[in-house]
Amino acid sequence: MGINFKGVIKGTIFAILVTFVIILILALLSYFTGIDETIITTGVYASVIIGVILGTIAVSKAANSRAFVHAMLVCALYLIVLIGISLIVNNGIMFNTHFLAVIGGTFASGILWCIIGK
């Protein structure tokens with residue numbers, strides 16, 4: 001009963017794609033409408049949570065056992081990718097409350113799916 005690394009990678013890619021699509025929709029809404037910036041910020045946080053939950057659902061369905069371990073690996077890999085993107089785009093990471101909120105939200109949503117999903 002090992003870890004399904006292929007499933008973890010697929011779940012992480014799926015989570016990133018879902019997050020990207022939601023953020024793209026939010027960007028288009030922001031551009032074409034007069035939507036408030038606080039709504040967009042909340043939407044970005046929600047996109048991270050939705051993406052991670054859907055990614056952990058995908059990996060939990062693929063893994064017959066150890067759903068918690070698989071979900072936490074998806075969360076960790078998701079964060080590593082986000083940090084890598086931040087390093088490339090911003091030439092560094094800003095350690096502030098937003099960074100902590102994304103880390104907390106990522107792992108909390110992964111844990112949440114493990115509690116209610118299986």
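1. Buried, as used in this note, means under 20% relative accessible area, with exposed over 50% and partly exposed in between (1.4 Å probe, protein chains only). On that scale, helix 1 (5–32) has Gly7, Val8, Gly11, Thr12, Ala15, Val18, Thr19 and Leu26 as its buried residues. Helices here are DSSP runs of H or I of at least four residues, numbered from the N terminus.

2. A word on the basis of all this. The model is predicted, with local features needing pLDDT of at least 70 and side-chain atom pairs counting only at pLDDT 80 or more, while totals for chains, interfaces and linings use all residues. Residues are numbered from 1 along each chain as its sequence is written, and side-chain values use heavy atoms, with hydrogens and water left out.

3. Back to helix 1 for its geometry and partners. The expected span of a helix is 1.5 Å times one less than its number of residues. Helix 1 has 28 residues and should therefore span 40 Å, which agrees with the 41 Å between its end C-alpha atoms. Its buried residues pack against helix 2 and helix 3, where contact means heavy atoms within 4.5 Å.

4. Now the largest nonpolar core. Such a core is a set of buried Ala, Val, Leu, Ile, Met, Phe, Trp, Tyr and Cys residues joined through side-chain atoms within 4.5 Å. Here it has eight members: Ala15, Val48, Val52, Ala71, Met72, Cys75, Tyr78 and Cys114. Helix 2 (37–62) and helix 3 (67–90) are the elements that give two or more residues to this core, and helix 3 gives the most, with four. Cys114 is in contact with Ala67, Phe68 and Ala71, leaving aside neighbours within four places in sequence.

5. Thr106 is worth a click in your viewer. Thr106 lies in helix 4 and counts as buried because its relative accessibility is 0%. Not counting residues up to four places away in sequence, Thr106 touches Val48, Val52, Cys75, Tyr78 and Leu79.

6. On to the largest pocket, with a volume of about 690 Å³. A pocket, on a 1 Å grid over the protein atoms alone, is an open set of points where a 1.4 Å probe fits, with protein on both sides within 12 Å along at least five of seven lines; lining residues have an atom within 4 Å of a point. Of the 25 lining residues, Val44, Leu82, Ser86, Asn90 and Val102 are the closest to the centre. Helix 1, helix 2, helix 3 and helix 4 (97–117) each supply at least two lining residues, and helix 3 has the largest share, eight. By class, the lining has 18 nonpolar, seven polar and no charged residues; Ala, Val, Leu, Ile, Met, Phe, Trp, Tyr, Cys and Pro count as nonpolar, Asp, Glu, Lys and Arg as charged, and the others, Gly among them, as polar.

7. Finally, two exposed residues. Gly2, in the segment before helix 1, counts as exposed because its relative accessibility is 56%. Gly2 touches Arg66 and His70, not counting residues up to four places away in sequence. Met94, in the loop between helix 3 and helix 4, counts as exposed at 63% relative accessibility.

How values were computed:
Grid points are joined across faces, edges and corners, and a volume is the space filled by probe spheres set on the points.
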